[in-house]
Amino acid sequence: MRAWSVTRPGPVDEHPLELVDKPVPTPGAGELLVRVRACGVCRTDLHVSEGDLPVHRPGVTPGHEVVGEVVEAGEGALGFERGARVGVAWLHHTDGTCTYCKRGSENLCPASLYTGWDVDGGYAEYTTVPADFAYHLPDNVDDVTLAPLLCAGIIGYRALKRASLPEGGRLGLYGFGGSAHLCAQLAIAQGAEVHVMTRGAQAQALARSLGAASVNGAYDAPPVPLDAAITFAPVGDLVPVAMRALDRGGVLSIAGIHLSDIPALNYERELFYEKEIRSVTANTRDDGREFLELAARYGVAATTHTYPLSKADQALSDLKAGRFDGAAVLVPD
Ligand SMILES: [Zn+2]
Ligand SMILES: [Zn+2]
């Protein structure tokens, strides 16, 4: 099968990825073999390709927003029929036995493994997934529209939960890419007033079209104090900016897996009055199932741009440069 492999992690324009031939994987015990029908392009794939995240598996195939079809089930892989549509997301494995897993925080499991980082992912014609970590998907949405929900959507949802936004509250979103545009739809559908701070005319136009109450430049102050904020851009410089925009008691939730250094904070302006900064680390499977259900209920849909699988490197380069709004999705060619 054709698959992309991160052979030399480095700047995306220096071609860290290679399109190679790999054998179609054999599903192990408890695993499903999945024919990939669509795979979303996530910023984390860029971090894996550029070496912002350390190499966990040399030559890994990125991709963790897979919508595919079950073609084979390994021994004891339960819950999915052959031919069923299935979702493969970031969380690939947890031990289920540690303190964190036992208290319902499997996203913090020290033994966790991730799709497209520790194991090969969906920038390929086939991939495998443990049946226990695969998602059932709603029938009435097409593959391409669903794919970005599987990481961008789920992480945005976890970040929104971590932000503890009061009902009907004012939410600030810093950066408006794949994850933020899904998070905004859910927050607005649930009654929030959403203020977007982002660069790029396309992203700003998308924010307006989705019902943002205000849209401003990346470092601008929103027109009202915020009850909660989420930073999606991987830029530590935004943290003090967002903290200053918070109202007393406000919470900032940092959605990225990677963030450049946060500058020194001024206690009086940026933390006092019980403002809080919270990180977001991956997600639990319950987060995933909850979000997919809410997305179906509220009609949360990704704005997508499709690229053929053979142009995955172009999609990553365009993502880095901010050349599209919403999310890119790879489809087999
Ligand atoms: Zn664990
Ligand atoms: Zn992701």
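Predicted model: local features only at pLDDT ≥ 70, side-chain atom pairs only at ≥ 80, totals over all residues.
Hi everyone, let's start with helix H9, where Gly288, Phe291, Leu292 and Ala295 are buried. Looking down the axis of H9, those buried residues fall within an arc of 100°, so they line one face of the helix.

As for its dimensions, H9 runs over residues 285-298, which is 14 residues. From first C-alpha to last, H9 reaches 20 Å, close to the 20 Å expected at 1.5 Å a residue. Just after H9 comes Gly299, with a positive phi of about 65°.

Now, H4 takes us to our next stop. Two packed helices are described by the angle between their axes and the distance between the axes. At what angle do H4 and helix H5 pack? For H4 and H5, residues 178-189 in the latter, the angle is about 55°, and their axes are 8 Å apart. That makes H4 oblique to H5, and the crossing of the two is right-handed. On the H4 side, the contact is made by Ala152, Gly153, Ile155, Gly156, Tyr157, Ala159 and Leu160. H5 brings Gly178, Ser179, Ala180, Leu182, Cys183, Leu186 and Ala187 to that contact.

Let me finish with two backbone details. As a reminder, most residues other than glycine have a negative phi. Ser164 has a positive one, near 45°, and is not a glycine. You'll find Ser164 in the loop between H4 and strand S10, residues 170-174. Ser164 is partly exposed, as 15 other C-beta atoms lie within 10 Å.

The second case is Glu274, again a residue other than glycine, with a positive phi near 60°. Where is Glu274 found? Its place is the loop between helix H8, residues 267-270, and strand S15, residues 276-279. Is Glu274 buried or exposed? Glu274 counts as exposed, because it has 10 C-beta neighbours inside 10 Å, and the cut-off for exposed is 12 or fewer.

Technical notes
Residues numbered from 1 in each chain as written. Chains lettered and ligands numbered in written order. Helix = DSSP H or I, 4+ residues; strand = E, 2+ residues; numbered from the N terminus. Expected span 1.5 Å × (residues − 1). Buried ≥ 20, exposed ≤ 12 C-beta atoms within 10 Å, placed from the backbone. Arc of directions from axis to C-beta. Axes fitted to C-alpha atoms, helices over the stretch in contact; angles between N-to-C directions. Parallel < 35°, antiparallel > 145°, perpendicular 65-115°, else oblique. Left-handed = near helix turned anticlockwise from the far one by under 90°. Contact = placed C-beta atoms within 7 Å.
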